[in-house]
Amino acid sequence: MNQGHDDIPFFDDDEPTPRQPAASAAGSIAARAMAARRAPEAPDYLIGLNPEQRDAVETTEGPLLVLAGAGTGKTRVLTTRIAHILASGRAYPSQILAVTFTNKAAREMKERIGVLVGGAVEGMPWLGTFHSIGVKLLRRHAELAGLRSDFTILDTDDVIRLIKQLIQAEELDDKRWPARQFASMIDGWKNKGLTPELIPEGDARAFANGRGRQLYQAYQDRLKTLNACDFGDLLLHPIRLFRENPDVLKEYHRRFRYILVDEYQDTNTAQYMWLRLLAQRPAGETVNLCCVGDDDQSIYGWRGAEVDNILRFEKDFAGAKVIRLERNYRSTAHILGAAGNLIAHNDGRLGKTLFTDRSDPEDDKVQVHASWDSEEEARAIGEEIEQYQKKGEALNDMAILVRASFQMREFEDRFVTLGLNYRVIGGPRFYERLEIRDAMTFFRLTCQPADDLALERIINTPKRGLGDQSVRKIHDYARSRNIPMLAAAREMIDTDELKPKPRKALFDVVTQFTRWQELLETTPHTELAEQILDESGYTEMWQNDRSAEAPGRLENLKELIRSMEGFESMRGFLEHVSLVMDADQNEDMDAVSIMTLHSAKGLEFKTVFLPGWEEGLFPHQRALDESGRAGLEEERRLAYVGITRAKRNCHIWFVSNRRIHGLWQSTMPSRFLDELPEAHVEVGETEVSYGGYGQSRFDRAEPFSNTYATPGWKRAQQNSNDATRDNWGSRSGHAVERIGYGESGPRGRTIEGELVARSTEETPSRFSIGDRVFHMKFGNGNIVEIEGNKLTIDFDKAGRKRVLDGFVQPV
């Protein structure tokens, strides 16, 4: 192939328009030879396709919607279709527009097409993401958008900095009207294809005392002056360019003989408008457009995706053909049956029923489990994973899919205790998240005033007007006096080394940390942690942030406070986190994957665990409050995505009590559980490691007509004794008594088992000092001290802990 020429076809066209031979006498050698021709065999790339897939590949003309269910081979259909168009000579590579959502998907598509057609794919300049193709279009016609072809694309930080300058130029308070909030608003407008003159009046008046439209226009003008654009402009400018320059649009109509779009259900309004302009044709002409997607997997409405785009495809493109790919190659019949019955409760869908040719009576049904709280949930899932490991299953084949990122913390802590390898997909591990690291830094400096690295990280977080120059002066003074930076700051606030404004800000910082250090020994550490985050302004900073990530960050901070309850002091908690952070994150190791349901789309695992199926968490209350029925249907689609990630085993969990917004609350099982079919679901046995809780909510509700009289439950009831039951008290967060805090004064009586309890002397312990015992949470250890029904144990891995004797068993 002659590289460098876009329009050289991939293959020699064997039969472009077969030339008819001269008339020959019947029975001639030529005539007999023609009659003996064999029908051409199907090309290699069509071998192995099922009838529906082949129909989607070979239907090349006219508008086509391929409804591809989970695990039905949609990527193969899309790549084979492009290979077929090229191999049959219907178009040259440069005449095909193929749009994906990620650069990774575009690379994989090129590689797959190359394998199918037997060589590297060259000359496909129009295969890429919406934004990469938008850049190419804009560089070709930059002058029509008021730019030069060498324009710069600004990242998020640049955009926020530019908006902040504009807000200050308008003499507005940038704390009351944060630049990040307005950047998010502009991004939302651009996702809807709205230029400044088109945004609704209500939206325009919602920011900066009614000056939203004026600021948006000033922002766009400033971008042009800088010869720059943001990511939203990469679609917004081409849309405007096509509308105002019909001759340019016609040029691309002639160029693109075939248009293909992947993940069509995830397109937003601007992407839809862009595509409609490129796909429109004069009356009487048809467009060769193929959109592949699954309306049941549209889960990105929170970032602007419109499921209606795929639902109205047949109205948008008259005469469109719809092909449903329903033969699933991934999951068992039970998993597909459960997912199908669940998603059938949605009204806004085109409808399809997944099935599999694989039929094995040994396949497990979808398992539904109940736990008392999130700690027991994490412990039980950890044990289930270990059981699969004993059967020879690889950790790489297992995943835990959560609805909200704060749920990950409980599993991470549990897996560190168990020594189970894990990796977090689609984001940092819990203790590596920005907001958690910041909060931990405040706690570190409170406990250890000499931690200069901690002070440098948070001295200007939130923004206090202490810039690099002020920090450098504090740093140099500390080094010259050979004292910690916080001590240096305490001395500098009484001098004129700093200007009045930064000196006042530094005075506030020093005063706050001095007060917090005094409270360290007298205030419960969870209360102090909350107080530190509130008084420092850190919580308020995220409350004022209007980005899509802010609510999740606030939830993570609440989960951080909750996670401290199992420790005697803030110092003990910080030591624990240091151990967690030290766990290796090796990509090549065999490890359980932990991720959110949104991050799991497109992935598959042999065994999937779905924790947290409770009302308010899943479906998420925010989705219900903000979007009503549409929000509920998207949550149900998210549940469908979660179930269909599983190939062989799917376990769903819910708890009776969960910490929500800092308070323990009784929870209701998710409505989605009642929408699962009895034929494909069974209640999984959950071995309760301690008694005294009473029946679970799931047992009382009996959604699948099962009784909760499992062997594990009976054993727990038999093992409980009166002394243990007398000492239960209430769950942490209700009325549990804590005797002593911190490291001074009376020794703290916090039990590092499950609950805080008073010592009971009436019943002598059945254990003796030196006994070897096993604890469900901490593993094996030796008893070193006995106080009534409380044992001090040196555990092999967890160190010295104080636990109730009802929670250990002799080894």
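These legends describe close-up views of a predicted model.

Local features come from residues with pLDDT of at least 70 and side-chain atom pairs from pLDDT 80 or more, while totals for chains, interfaces and linings use all residues. Residues are numbered from 1 along each chain as its sequence is written, and side-chain values use heavy atoms, without hydrogens and water.

**View 1. Asp545 and Arg180 form a salt bridge.** The N to O distance is 3.2 Å. A salt bridge here is a side-chain nitrogen of Lys or Arg within 4 Å of a carboxyl oxygen of Asp or Glu. Asp545 sits in the loop between helix H24 (538–543) and helix H25 (550–563), and Arg180 in helix H7 (residues 179–191), so the contact ties together parts that are 365 residues apart in sequence. Helices (H or I, at least four residues) and strands (E, at least two) are DSSP runs, numbered from the N terminus. Asp545 is buried at 12% relative accessible area, whereas Arg180 is partly exposed at 35%. Buried means under 20% relative accessible area, exposed over 50%, and partly exposed in between (1.4 Å probe, protein chains only). Arg161 belongs to helix H6 (residues 156–169). The C-alpha atoms of Arg161 and Arg180 are separated by 8.8 Å. Arg161 is partly exposed, with 48% relative accessibility.

**View 2. Lys190 pairs with Asp233 in a salt bridge.** Their N to O distance is 2.7 Å. Lys190 lies in helix H7 and Asp233 in helix H10 (residues 233–244), so parts 43 residues apart in sequence are tied together. Both Lys190 and Asp233 are buried.

**View 3. Arg481 meets Glu491 in a salt bridge.** Here N to O is 2.9 Å. Arg481 is in helix H20 (residues 468–481) and Glu491 in helix H21 (residues 485–492), so the pair ties together parts ten residues apart in sequence. Arg481 is partly exposed at 40% relative accessibility. Glu491 is also partly exposed, at 30%.

**View 4. A network of salt bridges links five side chains: Lys74, Asp262, Glu263, Asp266 and Lys601.** The whole structure holds 53 salt bridges.

**View 5. Strand E18 pairs with E17 and with E19.** Strands count as paired if DSSP finds at least two bridges between them. E17 (residues 772–775) and E18 (residues 779–787) are antiparallel over four bridges. Phe774 stands opposite Asn780 in E18. Six bridges join E18 to E19 (residues 790–795), again in the antiparallel sense. Asn782 has Asp794 in E19 as its bridge partner.

View 6. Pro462 lies in the loop between helix H19 (452–458) and H20. Pro619 is in the loop between strand E13 (605–610) and helix H28 (621–643).

**View 7. Asn209 and Asn227 have a positive phi.** Most residues other than glycine have a negative phi. Phi is near 55 degrees at Asn209 and about 55 degrees at Asn227. Asn209 lies in the loop between helix H8 (201–204) and helix H9 (212–225). Asn227 lies in the loop between H9 and strand E5 (228–229). Asn209 is exposed at 52% relative accessibility, but Asn227 is buried at 6%.
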